[in-house]
Structure formats: C-alpha cells, structure tokens
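Morning, everyone. Please have a look at it first.

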Amino acid sequence: MAKLPPKPTVHEILDAVSKQKTKDKKIDVLRQYDSKALRYCLIWNYDESLKSALPDGEVPYTPNPSPTLESQSKLASEYKTLYNFIEGGNYDINSTRREVLFIQLLEALSPDEAEVLCLVKDKKLAKKYRCSFPVVKEAFPDIVWGNRT
C-alpha cells in the first residue's frame, strides 16, 4: 500500500493510485486517502451530467514558481469554491469573472494541484493518472452518478 504524508494532496493520492498494479490496490488507496477535495475532483471529472463552465483546453496562467506547504494543501480547503466553475453552479458571475477566478485559484495552488484541476475541467484526468471510472465507482459506492444539473 502506498504510504503518503498526512493530509496528502489530490495529486499525491492520484499519483499513488496510478502506481498500483491491481484494481483492488487502486481502490484501497482511494479509500484510505478519501477526502472531500478528492471526491469533488473525481465527480467533476467522471460525472457526465456535470459540464464545465470554463472553455476547453489550455488555461493561460502562470504556475506557482515557489509552492509553499500552504499552496500544496490549498485545494483541500478551496474545493468548496469549485462549484463556480461548473454549469449551473453559480449564475451570479459572468464568464469573464469565472475565468479570472479560476486562473487566480490555479496560480495559488502548487503546479501539480493546478494541473489536476486543469485535467478535471476538461474531463481528462485519465490521460495522466491511471484511475478509471469503474475503479472510482467501486471505491466510492455511495456516490450517486448523474442528475447533477
């Protein structure tokens, strides 16, 4: 089993999952390091009823040049704001403001965590991490998929 630091980042968890050779071990890592931030990223990535309110593709941001311990764990506290970037999540902000907020969030995160969010935004987490939807569904049977709009 992967041994991660206390309060691992979403990137560290997904990286550990990717390194596991079997489906059961991947599931074990997901369950062991379960967090609200991890679940939110997995749901945004794999739930087809959730649509990003941000443009697809590259995000024009400057990666954090010197991530601190605080920025590495920032996604764990900022996941509550991610609804702003999903269609129907927040009608009170326009698309320009939404994009500015997303860039500000990315620039406050460590580069690894920012990359996770960019992949999730485009539903491309599986392009980097070997963590499939069937593995996620089995790891978290309590997540209800679909009908989130």
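Let me start with α2, whose buried residues pack against α1 (10-19), α3 (36-46) and α9 (133-139). Contact here means heavy atoms within 4.5 Å. Buried means under 20% relative accessible area, exposed over 50%, and partly exposed in between, with a 1.4 Å probe and protein chains only. Helices (H or I, at least four residues) and strands (E, at least two) are DSSP runs, numbered from the N terminus.

This is a predicted model, where local features need pLDDT of at least 70 and side-chain atom pairs count only at pLDDT 80 or more, while totals for chains, interfaces and linings use all residues. Residues are numbered from 1 along each chain as its sequence is written, and side-chain values use heavy atoms, with hydrogens and water left out.

Which residues of helix α2 (residues 23-32) are buried? They are Lys26, Ile27, Val29 and Leu30. These sit on the same side of α2, because they cover an arc of only 160° around the axis, counting directions from the helix axis to the C-beta atoms. In general, an α-helix has 3.6 residues a turn, so residues three or four places apart point the same way.

Overall, the chain has 9 helices and 0 strands. Of its 149 residues, 44% count as buried.

Now the cysteines. The whole structure holds 0 disulfides, a disulfide being a pair of cysteine sulfur atoms within 2.5 Å. Cysteine 41 is buried, at 1% relative accessibility, and cysteine 118 is buried at 14%.
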